[in-house]
Structures are given as structure tokens and as C-alpha cells.
Amino acid sequence: MDPSTTRIQQPVMAAQDGRVTYPAVASVSDAPLTVRGVTVSYGEKPAVFSVDASFPAKAMSAIIGPNGAGKSTLLKASLGVIPRLSGEVHVFGQPIEQARDRIAYVPQRASVDWDFPTTVVDVVQMGLYRKIGLLRRLSGQMKAWALECLDRVGMADFADRQIGQLSGGQQQRVFLARALAQDADLYLLDEPFAGVDAATERAIIDVLELLKAGGKALVSVHHDLSTVREYFDHVFLINVRRIAEGPVETAFTTENLQATYGGRLAATHLDELSLARGV
Ligand SMILES: Nc1ncnc2c1ncn2[C@@H]1O[C@H](COP(=O)(O)OP(=O)(O)O)[C@@H](O)[C@H]1O
Ligand SMILES: [Mg+2]
């Protein structure tokens, strides 16, 4: 790892209240998502250790790393929904605790209880209850908005279905509709393409690209190395610790992938990558 690529600077001064602060770096402090020194542990061994990261505006960023590398944990810590042992998370320059309503989250599908008895349109509307301002809307308007978001992901016809009766790809689209309904500024997605067919993957990427064109920031855990160059602008490579980050062109290199995956990056993976690059 080249230390000069580290964009987060070290703390240099103590503010009046005794808290350690960081030198002002406009592009970092105003970034949609900035993580500094974040450590999360479920037991003795940290799942994420002292991670610094900064995700740029108006871009699609990928979080990449092997199974168990702490990708989902980093996303949950960025949402502020799991306790951090140390570190800070800022969203558009605000501490996460004050900025949660600017974030929409699409969880890893495997982590959701699909037997929960609820309809598709209710799942989308549930995403709205966090937005206090929206509670003042008439419930009829909320339902109309939920249906509009379902329509954007091609799921309007399924509004009254039980979520447990949907295919994996359809479930994923419903969670994307729920995120759309929240009309957030930062979208955090955990493996949105896992277990979906090619048509659904295309439909999801189209929606994400529209969000990006509308000025939103997207950060997605991504497992398919062969589509990174096509889908993403920025990558963050993690294996418990931060390995590398930067624009896809400079940071998504064989060297960084080997540092991230170690022996687990099979030759076939590298072949796939070469093919994706057309070399
Ligand atoms: N709720 C949990 N309780 C205990 N250990 C967990 C929990 N969630 C994740 N872990 C562990 O933390 C590590 C990182 O998990 P995770 O963030 O889900 O990795 P990834 O998303 O990269 O596959 C793994 O070793 C995993 O087993
Ligand atoms: Mg995960």
C-alpha cells in the first residue's frame, strides 16, 4: 500500500473542548461519507480495524473484499446502527447521529427475515416512517409515493403480494424501491446484485445510474470483480483493515486485489478481470 494515497489526514490538534480534530480538507469533510479510525468488534477480534475511508459525491463507489472482510460491518457502522469501539463517521460533514435521515440503506438480502407477514407496498412505506416530515403527509399520499417508487423498479404489479412470495430478484427490487422512497442523498447498498438474474441486475444498475445522474452518492458492497470497471467510479478495498481506495482506474489494480484477497484471489478471478478489460 502506498501511504501517499491515504486521503484522510492524521489528527493534528486538540480543539478547545479537548477533542481531537482534523485539519480542514474541504473535499473530505464535505464528502457524502467519511469514516475515520473506525473499529468494530463483535467479540475479541475486530471485524473492522481502524478504518479510514472517504466516498466521493455524485459517484458510485464499491466496497470490495473477501467473505468476512468486514464489508457489511463497515456499511452498518457507516449507518450508525452498530456500536463502534472507536472512530467517527461523518455524512456530508455532519456527525452520523445528526444525518441519518439523509441515508437510505439496502441491506444484504440474506440478512432479512422474509417470513415476516407484510405486503410489498407496506415494506416500501415502512422506509418512510423515519422521515418525520413525511409523517405529516396523508397516508394516501404516502401510498401513492410508495407505488410510484415500486413502479420505478418494475414492481408496481406486486404491491399487494406478501414479501415472502417473491423471488430473490423481486425482493431486491422491493428493497431498492424502499430506498428510493426515502429520497436520500446517500445510498448504502449491501450486495444489491447477489443472487439476482441478469435482467434484474440491469434494472437495478439503471436505477442506480439515474440516482447518480441526479447528483446522489452511492456506496455499494460488491462481490463481482468482473463488473467493477463497468459499474463503479471509485473503489474501497478492505480486509478487516483498509487496503486501498481511489478511482477505479488507479486503485482497482491486480496488486491491490492481491493484497486484499491474498491467496484467495484465484487465477480464474484475474483471468475474468483481464477479460473484462478486454486485454
Ligand atoms: N452479528 C454478528 N455477531 C458476531 N460476529 C459477526 C456478526 N456479524 C458479522 N460478524 C463477523 O464479523 C466478521 C465480518 O463480517 P461481515 O461484516 O458480515 O463481513 P463481509 O460482509 O465482508 O462478508 C466476520 O468474521 C463475521 O463472522
Ligand atoms: Mg456482507
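Me: Before we start, what should I know about the numbering and the model?
Reply: Residues are numbered from 1 along each chain as its sequence is written, while chains are lettered from A and ligands numbered from 1 in the order in which they are written. It's a predicted model, where local features need pLDDT of at least 70, side-chain atom pairs count only at pLDDT 80 or more, and totals for chains, interfaces and linings use all residues; side-chain values use heavy atoms, with hydrogens and water left out.

Me: OK, metal first. What coordinates the magnesium ion (ligand 2)?
Reply: Ser-72 through OG and Gln-108 through OE1, at 2.0 to 2.6 Å. Donors here are N, O and S atoms within 2.8 Å of the metal (3.2 Å for Na, K and Ca), and water is not among the atoms, so sites may look incomplete.

Me: Where do Ser-72 and Gln-108 lie?
Reply: Ser-72 is in helix α2 (residues 71-79) and Gln-108 is in the loop between β8 (103-106) and α3 (120-126), so the pair ties together parts that are 36 residues apart in sequence. Helices (H or I, at least four residues) and strands (E, at least two) are DSSP runs, numbered from the N terminus.

Me: Is Ser-72 buried or exposed?
Reply: Buried, with a relative accessible area of 19%. Gln-108 has 26% and is partly exposed. The cut-offs are under 20% relative accessible area for buried, over 50% for exposed and partly exposed in between (1.4 Å probe, protein chains only).

Me: What does α2 lie across?
Reply: β3, β4 and β6, and α2 runs at about 115° to β3. Axes are lines fitted to C-alpha atoms, for helices over the stretch in contact, and angles run from 0 to 180 degrees between N-to-C directions.

Me: And what's the strand order in that open sheet of four strands?
Reply: β4-β3-β6-β7, with antiparallel pairing. The edge strands are β4 (46-55) and β7, each pairing on one side only. Two strands pair if DSSP finds at least two bridges between them.

Me: How many bridges join β3 and β4?
Reply: Six, with β3 covering residues 33-41. Val-35 has Ala-53 in β4 as its bridge partner.

Me: Switching to α6. How does its span check out?
Reply: Its 14 residues should span 20 Å at 1.5 Å a residue, and the end C-alpha atoms are 20 Å apart, which agrees. The expected span is 1.5 Å times one less than the number of residues.

Me: How many of its residues are buried?
Reply: 13 of the 14, so α6 is largely enclosed by the rest of the structure. One residue of α6 (residues 168-181) is Ala-181, which counts as buried because its relative accessibility is 2%.

Me: What does Ala-181 touch?
Reply: Val-124, Leu-128, Trp-145 and Cys-149, leaving out residues up to four places away in sequence. Contact means heavy atoms within 4.5 Å.

Me: How does α6 pack with α7?
Reply: At an angle of about 10°, with the axes 10 Å apart; α7 is residues 198-213. That makes α6 roughly parallel to α7, as angles under 35 degrees count as roughly parallel, over 145 as roughly antiparallel, 65 to 115 as roughly perpendicular and the rest as oblique. The contact includes Leu-176 and Leu-180 of α6 and Ile-204 and Val-207 of α7.

Me: Last one: what's the phi of Asp-183?
Reply: Near 50°, a positive value in a residue other than glycine. Asp-183 sits in the loop between α6 and β9 (186-190). Phe-92 also isn't a glycine, with a positive phi of about 50°.
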